[in-house]
Amino acid sequence: SLLEDIVEIKVGHLDRIFKAHRGLLSDRSSYFKAILENAGNWKENHEGLALKEVKPEIFQRFLLWLYFGNILDNNETAQSVNGTTLIHCYFFADERGIPGMHNHIIDTFLARIETTEIIFTKYQRLIWVNTPDGAPLRRLLVDALAMMGTNIPEVMQTEEDQEQYDKSFITDVLVAKCKHPMTINLREFVKRRCEYHIHDEREAKCA
């Protein structure tokens, strides 16, 4: 059966081998579903999959989420996990059509902001290069600055900030600030998490 079949996945340029249940992969990811449910491409040949462009660490975190519902290991917290790693997990979920993992990462970012009270602006360029306009992670960063920042939009108009951030990002923050001129506290912002989630037939609306 789908749940009993084990799939071998070769990840990264060194072909590190991971194994996972075919049914879980198909159920949680539209990318894997399209590949694994095509009898001609997989069932008859029963060949392993190869994800050369994916870092093994990112795929390992995907498997943690797939089986345990959390990309963090036992010794990590939303605050301690490497921010770049977290963002690359988001890219993986977005590219492979994994809404549940996407939503979990959004929640992890919000938990990180709630714990540290630091908005992840230093990752702005990495996010903007790898996501399209209107991407949920982009909107989260922009809204966090616009809704919780007091004088941030004014500060971002300095020459130093114009060199550090993309102009489109600065513009987005200023526009969002105009839409939301009143600041809100951190707790109220975190309650808006569902606005940055992806919901489809697999992922129910937030309660």
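Which residues does T131 touch, not counting residues up to four places away in sequence?

**Entry 1, T131.** I looked up the contacts (heavy atoms within 4.5 Å) and found that T131 touches Y90, F91 and R138, with residues up to four places away in sequence not counted. I am working on a predicted model, where local features need pLDDT of at least 70, side-chain atom pairs count only at pLDDT 80 or more, and totals for chains, interfaces and linings use all residues. Residues are numbered from 1 along each chain as its sequence is written, and side-chain values use heavy atoms, with hydrogens and water left out.

I placed T131 in the loop between α7 and α8; helices here are DSSP runs of H or I with at least four residues, numbered from the N terminus. T131 has a relative accessible area of 7%, so I list T131 as buried (under 20% relative accessible area; exposed is over 50%, partly exposed in between; 1.4 Å probe, protein chains only). A polar atom of the T131 side chain lies 2.6 Å from the backbone oxygen of I127.

I counted twelve aromatic pairs. The rule takes rings of Phe, Tyr and Trp (its six-membered ring) with centres within 6.5 Å; planes under 30 degrees apart are stacked, over 60 edge-to-face, the rest tilted. I checked W128 and F169, which are edge-to-face at 5.0 Å centre to centre and 75 degrees between the planes. This pair links distant parts of the chain, 41 residues apart, with W128 in helix α7 (residues 124–130) and F169 in helix α11 (residues 167–179). W128 and F169 are both buried. I then took F189 and Y196: their ring centres are 6.2 Å apart and their planes at 40 degrees, so I noted the pair as tilted. F189 and Y196 are buried too.

I found F18, Y31, F32, F59, F62, W65 and F92 in one aromatic cluster. The charged end of R96 sits over the ring of Y31, 4.5 Å from its centre; the rule asks for NZ of Lys or CZ of Arg within 6 Å of the ring centre and within 35 degrees of the ring normal.

I counted zero disulfides, a disulfide being a pair of cysteine sulfur atoms within 2.5 Å. C89 is buried at a relative accessible area of 0%, whereas C178 is exposed at 66%.

Methods
Helix = DSSP H or I, 4+ residues; strand = E, 2+ residues; numbered from the N terminus. Polar contact = N/O pair within 3.5 Å; in protein donor to acceptor, adjacent residues only side chain to side chain.
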